[in-house]
Amino acid sequence: MSDAVAVSLINVAKSYQRGDQIVPVLTDISFDIKHGDFLGLMGPSGSGKSTLLNLIAGIDKPTSGQILVNGQDISTLGESALATWRASNVGFIFQFYNLMPVLNALENVELPLMLTGLTTRERRSHAEAALAMVGLADRMHHYPNELSGGQQQRVAIARAIVTDPALIVADEPTGDLDRKSAGEILDMLDQLNTQLGKTIIMVTHDQRAAERAHAVRHLEKGELSSLELHD
Ligand SMILES: Nc1ncnc2c1ncn2[C@@H]1O[C@H](COP(=O)(O)OP(=O)(O)OP(=O)(O)O)[C@@H](O)[C@H]1O
């Protein structure tokens with residue numbers, strides 16, 4: 001694990017406009033995440049965890065402050081530059097998998113590669129390798145509704161890693177799963193972190209999931225707690 005900083009937030013604030021009201025969600029957040037970290041983000045419902053994750057992943061923009069990912073200030077990028085940046089730098093894992101129901105597992109995993117210059121054959125072989133990595137080599141032609149929740153989340157993990165991004169963001173990745181499937185997904189995230197060196201930021205309500213992260217921060221009333229390190 002290197003000590004280099006992967007993500008740096010500097011005086012980040014985010015508020016939403018609701019009618020003529022401004023609702024502050026994050027007030028003044030500054031912290032660094034090092035390359036190869038596995039960070040858990042916890043906090044009460046509505047505290048802004050998903051908002052913070054979306055800012056780091058370039059899905060949303062801060063109202064003020066800077067967000068540097070691998071030294072690049074993503075808060076200054078325009079919509080289309082940000083979309084291109086996301087496609088090659090961030091893998092996403094969501095609570096409800098967000099797979100396309102009309103595409104099979106292989107086609108779902110191929111989707112993020114559509115924005116790259118790979119040939120059809122290269123896309124296919126990358127997607128097959130990613131599905132094999134999550135143990136679904138024998139389910140590639142299954143549609144999401146033919147897969148269990150845990151299997152769907154594994155397809156989503158394959159989709160998140162197929163572009164080989166350095167950063168993975170996971171928003172409640174075990175929130176819809178039974179305990180056994182949740183454990184398998186957490187094992188997989190752990191492998192991505194320890195074996196492939198991915199930096200992972202995971203929002204979770206689940207104490208058991210949070211314990212798998214190497215460190216946890218709590219978000220409350222727009223502010224972030226100091227780092228709680230796990231053994
Ligand atoms: N697009 C939006 N427009 C207006 N308000 C929003 C928007 N997105 C989020 N909010 C508000 O910002 C606050 C934080 O939401 P966020 O989803 O980040 O919280 P959270 O901690 O992830 O919650 P949960 O644990 O329930 O998922 C909430 O009060 C929410 O209603």
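**Ground rules**

I note that this is a predicted model, where local features need pLDDT of at least 70, side-chain atom pairs count only at pLDDT 80 or more, and totals for chains, interfaces and linings use all residues. I count residues from 1 along each chain as its sequence is written. Helices (H or I, at least four residues) and strands (E, at least two) are DSSP runs numbered from the N terminus. I call two strands paired if DSSP finds at least two bridges between them.

The bridge partner of Val69 in strand 5 is Gln72. The open sheet here has four strands in the order 2-1-4-5, with antiparallel pairing. Strand 2 and strand 5 (72-73) stand at the edges with a single partner strand each, so one side of each has no neighbour in the sheet.

I then checked Asn11, which lies in strand 1. Its phi is near 50°, a positive value in a residue other than glycine. For burial I use C-beta atoms placed from the backbone: a residue is buried if 20 or more others lie within 10 Å of its own, exposed if 12 or fewer, and partly exposed in between. Asn11 counts as exposed because it has 12 C-beta neighbours inside 10 Å.

**Entry: Ile74**

Ile74 counts as buried because it has 23 C-beta neighbours inside 10 Å. I take two residues as in contact if their C-beta atoms, placed from the backbone, lie within 7 Å. Not counting residues up to four places away in sequence, Ile74 touches Gly58, Ile67, Val69, Leu82 and Trp85. I also looked at Ile74 and Ala6, 68 residues apart along the chain: their C-alpha atoms are separated by 13 Å.

**Entry: around the ligand**

The residues around the ligand are Tyr16, Arg18, Val23, Val25, Gly43, Ser45, Gly46, Ser47, Gly48, Lys49, Ser50 and Thr51. Strand 1 (5-18), strand 2 (21-34) and helix 1 (49-56) each supply at least two of the shell residues. Helix 1 gives the largest share, three residues.

By class, I get three nonpolar, seven polar and two charged residues in the shell. The classes are Ala, Val, Leu, Ile, Met, Phe, Trp, Tyr, Cys and Pro as nonpolar, Asp, Glu, Lys and Arg as charged, and the others, Gly among them, as polar.

**Entry: the parallel strands**

Next I went to strand 7 (residues 167-171). Four bridges join strand 6 to strand 7, and the two run parallel. Val90 has Leu167 in strand 7 as its bridge partner. On the strand 8 side (residues 199-203), strand 7 pairs in the parallel sense over five bridges. There, Leu167 stands opposite Thr199.

Five of the five residues of strand 7 are buried, so strand 7 is largely enclosed by the rest of the structure. I checked the faces too: Leu167, Val169 and Asp171 on one side and Ile168 and Ala170 on the other are all buried. Strand 6 (residues 90-93) is also covered on both faces, with Val90 and Phe92 buried on one side and Gly91 and Ile93 on the other.

Glu172 is in the loop between strand 7 and helix 6 (179-194). Its phi is near 50°, again a positive value in a residue other than glycine. Glu172 counts as buried because 20 C-beta neighbours fall inside 10 Å.

**Entry: the nonpolar core**

For a core I join buried Ala, Val, Leu, Ile, Met, Phe, Trp, Tyr and Cys residues through C-beta atoms within 7 Å. The largest nonpolar core has 60 residues, and Ala158 and Val169 have the most contacts inside it. Leaving aside neighbours within four places in sequence, Ala158 is in contact with Val109, Ala130, Leu131, Met133, Val134 and Leu136.

I picked out Leu131, which is in helix 4 (residues 120-133). Leu131 is buried, with 25 other C-beta atoms within 10 Å.

Note on methods. A residue is near a molecule or strand if its C-beta atom, placed from the backbone, lies within 6 Å of it.
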